[in-house]
Amino acid sequence: MSRRKPSKWQRPVSDRPLLGGTQSREAKANGEWNVRRVSGSASAKSYRCPGCDQQIPPATPHVVVWPDNPSLLGALGGAQSLDERRHWHTACWQRSR
């Protein structure tokens, strides 16, 4: 039997290693959210912030947010809210609902 750990892509999001950031759970008016703070050095891609619809350039600190409870469609598809992750500017996330 192999002693290797499964690929990070096969493990639940909560078991994946944090790349230069910290993770917490936050309550907003629209539900409970997992929030992972990403440092600039751990960010190599650009993303579009759903709060302001602007680009988050590579090497910019930001947060990755996903629901604590996946949507019904996500749960039926076995996505475990992985497809529901969104990258936000930190200030945009703090201003949201």
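Predicted model: local features only at pLDDT ≥ 70, side-chain atom pairs only at ≥ 80, totals over all residues.

Colleague: Fine. How many salt bridges does the structure hold?

Modeller: The structure holds 2. In one of them, the side chains of arginine 25 and aspartate 68 meet at 3.1 Å, N to O.

Colleague: Which parts does that pair tie together?

Modeller: Arginine 25 is in strand S1, residues 23–28, and aspartate 68 is in the loop between strand S5 (62–67) and helix H1 (72–76), so the bridge ties together parts that are 43 residues apart in sequence.

Colleague: Is arginine 25 buried or exposed?

Modeller: Arginine 25 counts as exposed, at 56% relative accessibility.

Colleague: And which side chain does arginine 37 meet in a salt bridge?

Modeller: Arginine 37 meets glutamate 26, with 3.0 Å from N to O. This pair also links distant parts of the chain, with arginine 37 in strand S2 (residues 31–38) and glutamate 26 in strand S1, 11 residues apart. Glutamate 26 is buried, at 19% relative accessible area, while arginine 37 is partly exposed at 34%.

Colleague: Switching to the sheet. What order do the strands have?

Modeller: The order is S1-S2-S5-S6, an open sheet of 4 strands with antiparallel pairing. S1 and strand S6 (86–88) stand at the edges with a single partner strand each, so one side of each has no neighbour in the sheet. From one strand to the next, the twist averages 35 degrees.

Colleague: How many bridges join S2 to S5?

Modeller: There are 6, and the two strands run antiparallel. Valine 35 stands opposite valine 65 in S5.

Colleague: Which residues make up the largest nonpolar core?

Modeller: It has 9 residues: Trp33, Val35, Cys49, Ile56, Val63, Val65, Trp88, Cys92 and Trp93. S2, S5 and helix H2 (90–95) each supply at least two residues of this core.

Colleague: What does tryptophan 93 touch?

Modeller: Leaving out residues up to four places away in sequence, tryptophan 93 touches Glu26, Lys28, Trp33, Val35, Val63, Val65 and Trp88. Glu26 in that list is the buried glutamate 26, the salt-bridge partner of arginine 37.

Colleague: Where is histidine 87 found?

Modeller: Histidine 87 is in strand S6 and counts as buried at 17% relative accessibility. A polar contact of 3.0 Å joins its side chain to that of histidine 62. Residues that histidine 87 touches, beyond four places away in sequence, include Tyr47, Cys49, Ile56 and Val63.

Colleague: Last topic, the backbone. What is the phi of aspartate 53?

Modeller: The phi of aspartate 53 is about 60 degrees, a positive value although the residue is not a glycine. Aspartate 53 is in the loop between strand S3 (47–48) and strand S4 (55–56), and counts as partly exposed at 49%.

Colleague: And what about the phi of alanine 59?

Modeller: Alanine 59 has a positive phi near 65 degrees, and is likewise a residue other than glycine. Alanine 59 is in the loop between S4 and S5.

Colleague: Is alanine 59 buried or exposed?

Modeller: Alanine 59 counts as exposed, at 52% relative accessibility.

How values were computed:
Residues numbered from 1 in each chain as written. Heavy atoms only, no water. Salt bridge = Lys/Arg side-chain N within 4 Å of Asp/Glu carboxyl O. Buried < 20%, exposed > 50% of the residue type's maximum accessible area, 1.4 Å probe, protein only. Pairing = 2+ DSSP bridges. Axes fitted to C-alpha atoms, helices over the stretch in contact; angles between N-to-C directions. Polar contact = N/O pair within 3.5 Å; in protein donor to acceptor, adjacent residues only side chain to side chain. Contact = heavy atoms within 4.5 Å. Core = buried A, V, L, I, M, F, W, Y, C linked by side-chain atoms within 4.5 Å.
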